[in-house]
Amino acid sequence: MLILLYHHPFSLDSQKVRLALEEKGIDYTSFHVNPIVGKNMDSSFFRMNSSAKLPVFKNGSHTIFDTIEIILYIERIAVVSVGNNGIAFSSEEVIEWMRKIQEWNPKYFTLSHIPDKYRTFVSKFIRKVVIARMAESPDLASAYHCKLREAYETEEKLKNADVLRRSKEHLVQLLDEVETKLNETTYLVGDEFTMADVMLIPVLARLVLLDLEDEYIFSRPNIAGYWGLVQQRPSYKKVIGKYFNGWRKRKTLVKAWCILHIRNLLKRY
C-alpha cells in the first residue's frame, strides 16, 4: 500500500521517523506540514489529527501518531518486504533506549533557547492562525479552543524556572547515560546501528541547531565521536544535514522567518 508521511524538517519526531524510513529503505510519499506558519492547524490536517502534532504516518487505512509505534511498524514492513531479508526486529534493549530517549520532551528546552522576540512573534502568529481556523470550521471550534488554551499555557510554563530546570536536568541525565553506554559500544546498543540511534540522532541535531553543541556534545568525548560518526550516514545527510548542516542551517531558518513575516504582513493566517 502507499505510505504517506505528514512531517516537517523542524519536527524532532518527524526526523526520527524519516531516519527510520531511510535506514530501512522504505518508499513513502512526503507531505510537508509547516508548524511554524500553522499549517498543522489547517482543518484538513486537524480533522485527521486534532493534537496537530507531527508526524502522522498512514499506510492505507492504518494511521499512526505515536513516534515509537510508527518506527516499530516501519521495522515490521522492512522485515516482510521483498529484498529486506535478514533484517531483525529491535531487541528489548533497543526498545528500552527508544522509550528512554522519547521520554525527554524537547518543547520547553527548545523554546527557552529561542530569543524572546522571535518566540513571541511566532506564538502570536500561531494564535491568530488558530482563531482564523476556528472561524472557518465552527464544528472544530472546541478542539481549536483547546489548542489556543495550550498555547497560552505554554507561554506561562516558559516563565516557570522549575519547568525549564527539570527539562534541562532530564536532558543532562539522558546524555550522561548515553556517554557511559558509548564507553562500551560504537553505537547506542552494540556495534550495529539500530532504531535506538534513530531516536538519539535528532536530539543531538537539535542541540547543534540551538548552538549548544559545546556544552552538551563536545563536553562528552564519547558522544562527540559518535556524533561525528552518525553524520556520515546517508540517512542523516538526507533527513537532517540537507537542512541544517553548515550554511544550510542559516538558509533554512531565514527562509522560515521570511515566510512567516510575509504571511503576517499580508494577514494570511
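Which exposed residues does the face of H4 turned away from its buried side carry? In this predicted model, local features are described where pLDDT is at least 70 and side-chain atom pairs count only at pLDDT 80 or more, while totals for chains, interfaces and linings use all residues. Residues are numbered from 1 along each chain as its sequence is written, and side-chain values use heavy atoms, with hydrogens and water left out.

Helix H4 spans residues 92-102, and Val94, Ile95, Trp97, Met98 and Ile101 are buried in it; helices (H or I, at least four residues) and strands (E, at least two) are DSSP runs numbered from the N terminus, and buried means under 20% relative accessible area, exposed over 50% and partly exposed in between, with a 1.4 Å probe and protein chains only. Viewed down the axis of H4, these buried residues fall within an arc of 160 degrees, so they line one face of the helix; the arc is that of the directions from the helix axis to the C-beta atoms. The buried residues of H4 pack against helix H3 (67-80), helix H8 (161-181) and H9, where contact means heavy atoms within 4.5 Å. As for the face turned away, its exposed residues are Glu92 and Arg99.

We turn next to the largest pocket. It holds about 2,100 Å³ of space and is lined by 50 residues, of which Ile36, Thr110, Leu111, Ile114 and Arg206 lie nearest its centre. Helices H1 (12-24), H5 (107-112), H6 (116-136), H7 (141-157), H9 (195-209) and H13 (247-265) each give two or more residues to this lining, and H6 gives the most, with 7 residues. By residue type, the lining divides into 27 nonpolar, 10 polar and 13 charged residues. Here Ala, Val, Leu, Ile, Met, Phe, Trp, Tyr, Cys and Pro count as nonpolar, Asp, Glu, Lys and Arg as charged, and the others, Gly among them, as polar. A pocket is defined on a 1 Å grid over the protein atoms alone, as an open set of points where a 1.4 Å probe fits, with protein on both sides within 12 Å along at least five of seven lines; lining residues have an atom within 4 Å of a point. Grid points are joined across faces, edges and corners, and the volume is the space filled by probe spheres set on the points.

Tyr6 lies in strand E1 (residues 3-7) and is buried, at 16% relative accessibility. Beyond residues up to four places away in sequence, Tyr6 touches Phe31, Val33, Phe45, Met48, Leu54, Pro55, Val56 and Lys58. Leu54 and Pro55 are joined by a cis peptide bond, with omega about 0 degrees. Pro55 sits in the loop between helix H2 (43-48) and strand E3 (56-59), and Ala52 lies in the loop between H2 and E3 as well. Ala52 has a positive phi near 65 degrees and is buried at 4% relative accessibility. Asp211, in the loop between H9 and helix H10 (213-216), also has a positive phi, of about 60 degrees, although it is not a glycine; Asp211 is exposed, with a relative accessible area of 56%.

Lys238 is found in helix H12 (residues 234-244) and is partly exposed at 43% relative accessible area. Its C-alpha atom is separated by 8.6 Å from that of Leu19, 219 residues apart along the chain.
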